[in-house]
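Please work through each task before reading its solution.

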Amino acid sequence: MHQDLVMPSVKDYFRSLLESLYDKLPGPTGVSGTFVNSSVIIRHHPSCSPVHIGTFLHFRQSPYIFRSSYAIAGSACRYLRDRNEDQCVVVSGESGAGKTEAARIVLQFIALASGQGREVKAMKERLVQAGSLLEAFGNAKTYRNDNSSRFSRVTNQAPGERNFHIFYQLLTGADIQLLSKSFEILGFSQEDIVNVFKIVASVLKLGNISFIPTNNIDGTEGCTISNDYELYEVCELVGSDHSTLQEAMRSRTLEDGSELILADLSASEATHARDSLCKALFSRLFTWLVNRINESIKAKRHGKRKVLGILDVYGFEMFERNGFEQFIINFCNEKLHQVVTESTLKEEQEEYAREGIEWTPIDFFSNSVVCDLIEKNHHGILSMLDEECLKSGFLSDEVFLSKLAQCCAGNSHCEVRHRGAGISDNNLPANCFRLKHYAGTVTYNVCGFVDKNNDILHRDLSQAMYRCRHPLLKVLFPEGNPKRSSLKRPATTGTQFKISISALVRNLSCKHQHYIRCIKPNELKQPRIFEMALVQHQVRYLGLLETVRIRRSGFCYRLQYQLFLSRYKMLSPRTWPTWHVAPVEGVSYLIRDLPIPSGEFAFGRTKLFVRSPRTVFELEEFRRVRLEDLAVLIQKLWRGYRQRKKFLLMKRSQTIIASAWRSWRILKAVYNIKILVLILFFVSSVKFYTRKDIFDILKTREEYRILKHRKQVEWAVGVIQRHYICWKVCGVHCFNLKQTRIKYMKYSQSQIRRQFLLRLSKQLSSECDSPPHLDIKFFKLKNDTFRCHKYRLRFDQTARNRMREKVTASIIFKDRKTSYLRSVSHPFLGDYVRLRQNVQWKKACVETNDQYVVFADIINKIARSSGKVRIVFEKMSNFVPILFVLSTSSMLILDQRTLQIKYRVPATEIYRLSLSPYLDDVAVFHVRA
């Protein structure tokens with residue numbers, strides 16, 4: 001958001017902003033948004049077409065760019081291309097807010113902007129199919145989201161929710177052909193596809209197996225399978241022996257020193273082992289699919305390449321009953337929110353202080369205390385949960401809860417209630433604890449925490465899976481190999497998740513981050529319904545209010561002096577092509593030569609800060625135009641160099657040929673003289689030749705040779721003249737033979753007429769009057785006038801008006817204003833602040849009859865009394881310039897923010913305008929007293 005557009009009240013502004021997002025765009029599909037610092041708030045709207053791709057990739061200003069998440073993707077692509085830095089687009093928000101859809105739209109934009117080569121098209125198709133395939137195996141319907149990213153829900157789901165999509169697709173047969181096509185595009189063979197579907201079917205069949213408790217002879221409890229036919233079908237799918245798999249599911253091998261004891265499992269233990277096997281089968285299959293897809297879409301590396309990633313994580317969840325799954329998901333959101341907060345709020349303000357920028361700190365809530373409470377070693381919730389899972393003997397959720405109560409006693413962000421613990425809040429259910437997350441307070445029920453975190457697959461089941469004839473199972477269960485001697489206990493689910501989150505945070509910290517904040521408008525999953533209380537709650541906990549406050553007072557773009565000078569040095573003749581002094585001095589000269597107000601820039605210790613996005617867009621546009629001019633200059637110099645090199649080569653060749661020909665001519669003349677002397681010697685007996693006769697013969701021969709050479713020269717001159725005339729008429733690169741002949745014939749006819757008139761002038765008698773003298777300057781003037789007329793015929797009305805303005809400016813300022821030459825190539829805009837599009841101005845100008853704006857820009861007013869530049873400061877010490885407007889009826893001076901008219905002078909009262917002839921921009925308006 002531009003600083004000028006931010007309303008005085010942040011809350012009122014955000015309220016009007018969010019309401020406008022759902023009033024302006026009618027469609028319920030697609031994604032759009034509004035910039036807030038480096039983030040974008042999104043909502044649904046029709047998707048972007050390829051026509052807009054160039055707009056988002058080349059900084060070209062468009063009203064559409066400020067309302068679309070495509071702009072975030074465009075910024076990431078530009079940074080990757082121009083700065084050669086790793087980029088990452090982070091999509092955050094609640095569950096059901098549209099994160100997956102936003103990530104899909106960003107991926108679509110990147111695919112459209114990646115070119116149209118054959119290899120690129122194949123990669124785009126693989127990326128699209130990979131998304132569909134991963135959604136089928138990794139997403140499920142929840143209470144708040146029909147397509148939510150899930151884990152650990154193979155064996156149980158909350159009421160009203162469903163399992164992963166792939167199970168329903170396999171049972172109903174829907175989309176199986178589409179999934180098979182996706183597999184094939186990603187490089188899976190038909191055998192691989194069948195093997196994947198067999199494992200999915202075996203998970204479904206394993207879930208149907210039920211156990212009946214029995215009593216053993218020794219008094220222990222055992223079990224039997226009530227529906228053995230289901231187990232037979234599982235064995236057929238995975239290629240296992242019935243007895244081996246049945247024994248592994250009903251019993252367990254225990255180690256007692258050096259002895260192995262086979263112990264029967266009770267019905268509940270066998271059910272738990274069956275569920276563990278189902279979850280292990282599906283989770284490892286999903287991991288294998290992800291690795292195969294990553295290999296399929298992995299680009300060929302040619303040297304060190306930079307990457308652009310899209311992060312779409314679980315959304316924050318808060319249900320009536322929250323368990324281990326919601327705890328892990330919300331922990332992931334806490335870590336991600338910590339990264340976003342430190343990047344957009346903490347590091348931003350720290351950088352201002354570090355660079356010496358005048359700044360008033362803005363307070364914000366940091367959730368680091370909640371993250372430490374969850375992941376801290378030895379005292380965190382996950383550490384205490386692992387401690388309970390790793391101990392031998394009976395495992396209990398209540399023991400874990402009692403340890404949590406002791407550790408979190410007195411912590412304001414965690415409340416625990418269990419048996420024997422007193423608590424002031426009677427609304428907290430028993431065996432529950434409550435965490436104050438950044439997005440709200442969530443109550444978790446610890447029932448099942450220990451079992452879900454432990455989730456250990458017995459070695460007997462791993463070995464039974466490894467012995468199966470199914471080719472994938474040996475890859476999915478490598479620990480079942482009898483030759484492996486490692487008995488190391490696998491890490492718990494919480495530990496694995498914490499390690500993955502830490503790796504993700506480290507990966508994000510080394511990349512330039514772009515944020516898309518998804519706002520859920522209502523809980524009904526319906527379009528066109530806007531619940532203000534829900535939206536305001538999301539805006540608060542996402543820290544968008546603090547982000548807007550920092551954006552209002554801060555800067556949207558910053559770059560080190562050396563990098564800024566390297567990127568924009570071509571915009572100033574002082575810094576182009578090289579600058580050998582201090583970079584900060586070069587940047588100051590560069591900014592001084594730009595037609596941008598100096599208030600848009602701030603100088604830090606090592607970086608230059610730019611206040612508004614509009615200034616960045618203008619800099620990029622200036623740079624693009626200048627690069628085009630430099631490209632034309634390089635082309636011109638290269639073509640000149642190439643033609644001169646060709647000319648020098650031809651000249652050298654001509655010199656060599658001429659030298660060889662002269663040598664040959666001299667040798668031939670010498671040879672002829674020798675022959676002539678011999679002939680004269682032999683015929684001397686017939687007739688005697690004197691020395692004079694011999695020299696006459698040689699002189700005659702030399703004259704003949706000279707005449708012959710002169711004719712050859714005249715012939716060569718004619719050939720060269722004809723080719724030169726053809727080159728001048730048709731141009732250097734005229735390869736159309738027919739067109740060349742036609743032009744040459746026309747030129748030849750004009751030359752014939754010219755030669756005729758010249759001969760006629762010489763043959764006229766003395767009695768005829770001599771023709772009038774031809775004025776060459778007159779014909780040149782006529783020719784220039786005709787060329788200007790032909791050039792003006794190509795103008796439309798806009799170009800005609802622009803040329804008329806330029807001619808008028810030339811008459812007034814040429815040779816009178818020093819800075820005139822610098823402004824010739826820049827077209828006049830008049831309204832430099834887009835005042836005509838401002839709604840508040842449209843209402844105010846009707847009352848004063850100032851609808852027709854001739855000129856509008858930000859100026860510095862010079863006080864008449866002291867002669868000093870008038871500078872106005874607010875409470876935050878922000879520079880507030882004055883808005884100067886010149887209409888057809890009056891001259892106005894307004895407040896930039898409120899557009900309140902401070903002075904209005906009718907045009908009839910202004911009788912003279914004075915300008916300084918120097919490089920400054922001082923203008924004096926003379927008004928009648």
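**Exercise 1.** Determine what share of the chain's contacts between residues at least 6 apart in sequence join residues at least 24 apart.

Solution. Take a contact as heavy atoms within 4.5 Å. Among contacts between residues at least 6 apart in sequence, 60% join residues at least 24 apart.

The model is predicted: local features need pLDDT of at least 70, side-chain atom pairs count only at pLDDT 80 or more, and totals for chains, interfaces and linings use all residues. Residues are numbered from 1 along each chain as its sequence is written, and side-chain values use heavy atoms, without hydrogens and water.

**Exercise 2.** Locate the cis peptide bond that involves Pro 577.

Solution. Begin with omega, which is about 5° for the bond joining Trp 576 and Pro 577. Helices here are DSSP runs of H or I with at least four residues, numbered from the N terminus.

**Exercise 3.** Characterise Asp 815 and Arg 834 by phi, position and accessibility.

Solution. First, phi is near 60° in Asp 815 and near 55° in Arg 834. Most residues other than glycine have a negative phi. Second, Asp 815 occupies the loop between helix H28 (797-813) and helix H29 (839-848), and Arg 834 also lies between H28 and H29. Third, apply the cut-offs for relative accessible area: buried under 20%, exposed over 50%, partly exposed in between (1.4 Å probe, protein chains only). Asp 815 has 76% relative accessibility and therefore counts as exposed; Arg 834, at 38%, counts as partly exposed.

Conventions: Helices (H or I, at least four residues) and strands (E, at least two) are DSSP runs, numbered from the N terminus.
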